[in-house]
Amino acid sequence: MSGTVSTDDLVAWIRAFRDAVHQHKDELTRLDSEIGDADHGSNMTRGLDAVVAKLDPAPANAADLFKTVGMTLVSSVGGASGPLYGTFFLRMGPALSSGDVDATALGTALRAGVEGVVARGKAELGDKTMIDALSPALDAWDAAVAEGADAAGAARAAADAAARGRDATEPLVARKGRASYLGERSAGHLDPGATSATLLLEALRDTLADAA
Amino acid sequence: MIGLVAVSHSRALADAAVELALQMGGENPPTVRVAAGGPDGDLGTDAVAIAAAIDEADSGDGVLVLMDLGSAILSAETAVEFVAEPDRVRLSPAPFIEGLVAAVVTAAGGADLAAVAAECATAGDAKRRQLGEDDGAGVSASGTGEAAASFEAVVTNPSGLHARPAATFVKTASRYDADVRIADLDAGSEEISGRSLLALMALGVRQGSRVRVSATGPEAPAALAELRALIEDGFGER
């Protein structure tokens with residue numbers, strides 16, 4: 001492969017994320033019914049369906065793509081994942097405004113996105129949120145790039161780290177969002193947001209593996 | 001006058017809360033826009049709709065946004081990124097209902113954005129005081145050293161200074177360039193600001209109670225004259 005990620009690849013990533021969320025819709029809703037308001041699966045599928053409807057014709061570049069994705073999510077998800085995932089993509093766009101997208105540039109954009117989510121949700125590592133998947137995924141991405149990995153390799157490392165982060169949310173007591181009202185009772189369940197965030201990175205891994 | 005935006009997961013909840021608050025807005029209430037409910041009319045919030053509501057509510061004096069919980073807060077914060085004049089938008093930490101009521105009354109009284117936001121920020125205190133869990137919050141320090149003019153009068157309203165007469169009192173007091181204060185003499189209360197609806201409601205002045213209203217500032221005499229007439233007239237409730 002060339003080492004660069006095309007806009008078509010990024011569009012394919014978003015489509016793959018939509019497909020993955022559809023596939024796991026019932027699981028996300030079940031997880032959310034255990035510690036939240038039981039709408040994560042339906043909200044995310046609704047939001048991502050609205051996103052995919054706006055990707056034809058495909059946006060001209062990565063910045064336009066992520067602006068469209070972000071604005072559509074903040075408007076059509078309905079729950080807290082709307083402003084959180086929406087902010088993630090809205091922050092990614094400007095970080096990719098110029099030049100080719102390689103593993104370093106994509107990592108920088110992902111970090112801008114996650115920093116946006118942290119600023120929006122005020123969550124820290126260990127609060128039992130999507131940050132518990134996203135934050136270790138970014139660190140794994142950067143470590144892989146530092147060792148010479150291309151984007152596909154970095155995405156593989158990031159997806160693995162996200163899944164470990166997701167699994168580690170199970171014993172945690174939630175400190176953010178609806179689940180925090182449950183206190184100790186939120187322990188013993190995977191966090192729905194960390195679960196969908198892992199799907200996001202697994203979709204990127206699969207898309208870039210196919211593109212290679 | 002500043003504008004208000006009510007953000008809720010539920011359209012029905014927001015509409016009812018706004019109706020409740022506007023009952024106390026008098027003849028000239030502030031503009032209140034609702035941004036509530038999810039994309040399909042279900043429970044949820046929409047940052048783009050909130051941004052549009054903020055722009056509609058802004059007449060140039062700014063907008064205070066009241067929110068219920070969870071994604072309403074996240075969506076409102078996101079919406080500020082999309083509005084035309086983000087510097088004129090404040091998000092209130094007040095509880096939704098209490099905050100809306102306080103915002104409508106103080107905005108109708110002509111208070112600016114900072115003053116309305118400050119009043120709303122203590123909107124949760126009134127209930128705490130009424131339930132006897134007073135921690136002293138919201139009772140502002142009295143007196144500036146300047147000699148205050150004052151009068152004493154007996155409240156004749158059957159329910160005392162309940163919400164509606166209290167709102168009338170606050171709106172009237174807020175119209176004058178004067179620091180108006182009121183104390184319930186029978187209850188031996190501290191003086192509280194006559195511009196704070198929630199503090200006044202928390203005072204819980206009952207029918208037959210004697211109050212002392214005092215004021216300092218350039219328009220103190222006029223403020224006291226009108227407030228005295230209001231109390232003696234039973235706020236028009238008779």
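Predicted model: local features only at pLDDT ≥ 70, side-chain atom pairs only at ≥ 80, totals over all residues.

Colleague: At roughly what angle do the axes of α2 and α9 of chain A cross?

Modeller: Helix α2 covers residues 25-35 of chain A, and helix α9 covers residues 192-211. Their axes come within 9 Å. The crossing angle is roughly 160 degrees.

Colleague: Which residues of α9(A) make the contact with α2(A)?

Modeller: From α2(A) come Leu28(A), Leu31(A) and Asp32(A). By class, the contact has 3 nonpolar, 2 polar and 1 charged residues. On the α9(A) side the residues are Pro192(A), Thr195(A) and Ser196(A).

Colleague: How many strands does chain A have?

Modeller: The elements of chain A run α-α-α-α-α-α-α-α-α from the N terminus on. That gives 9 helices. The strand count is 0.

Colleague: What radius of gyration does chain A have?

Modeller: Along its principal axes, the C-alpha trace of chain A spans about 50 × 35 × 30 Å. A compact globule with 212 residues would have a radius of gyration near 17 Å. Chain A agrees with that, at 16 Å.

Colleague: Now chain B. Which strands are the edges of its open sheet?

Modeller: The sheet has 4 strands with parallel pairing, in the order β2-β1-β3-β4. From one strand to the next, the twist averages 20 degrees. An edge strand pairs on one side only. Those strands are β2 (32-36) and β4 (89-91) of chain B.

Colleague: Which residue in β4(B) stands opposite Val63(B)?

Modeller: Strand β3 of chain B, residues 63-67, runs parallel to β4(B). The two are joined by 3 bridges. Opposite Val63(B) stands Val89(B).

Colleague: Which helix gives the largest share of the side of domain 1 of chain B that touches domain 2?

Modeller: Domain 1 covers 3-123 and domain 2 covers 149-236. Their C-alpha centres lie 28 Å apart. The contact takes 13 residues from domain 1 of chain B and 10 from domain 2. The largest share on the domain 1 side, 5 residues, comes from helix α4 (residues 96-108) of chain B.

Colleague: At about what angle does α4(B) run to β3(B)?

Modeller: Helix α4(B) lies across β1 (3-8), β2 and β3 of chain B. Relative to β3(B), the helix runs at about 160 degrees.

Key:
Residues numbered from 1 in each chain as written. Chains lettered and ligands numbered in written order. Domains from an automatic or database assignment. Contact = placed C-beta atoms within 7 Å. Pairing = 2+ DSSP bridges. Axes fitted to C-alpha atoms, helices over the stretch in contact; angles between N-to-C directions. Nonpolar A, V, L, I, M, F, W, Y, C, P; charged D, E, K, R; others polar. Rg over C-alpha atoms; globule rule 2.2 N^0.38 Å.
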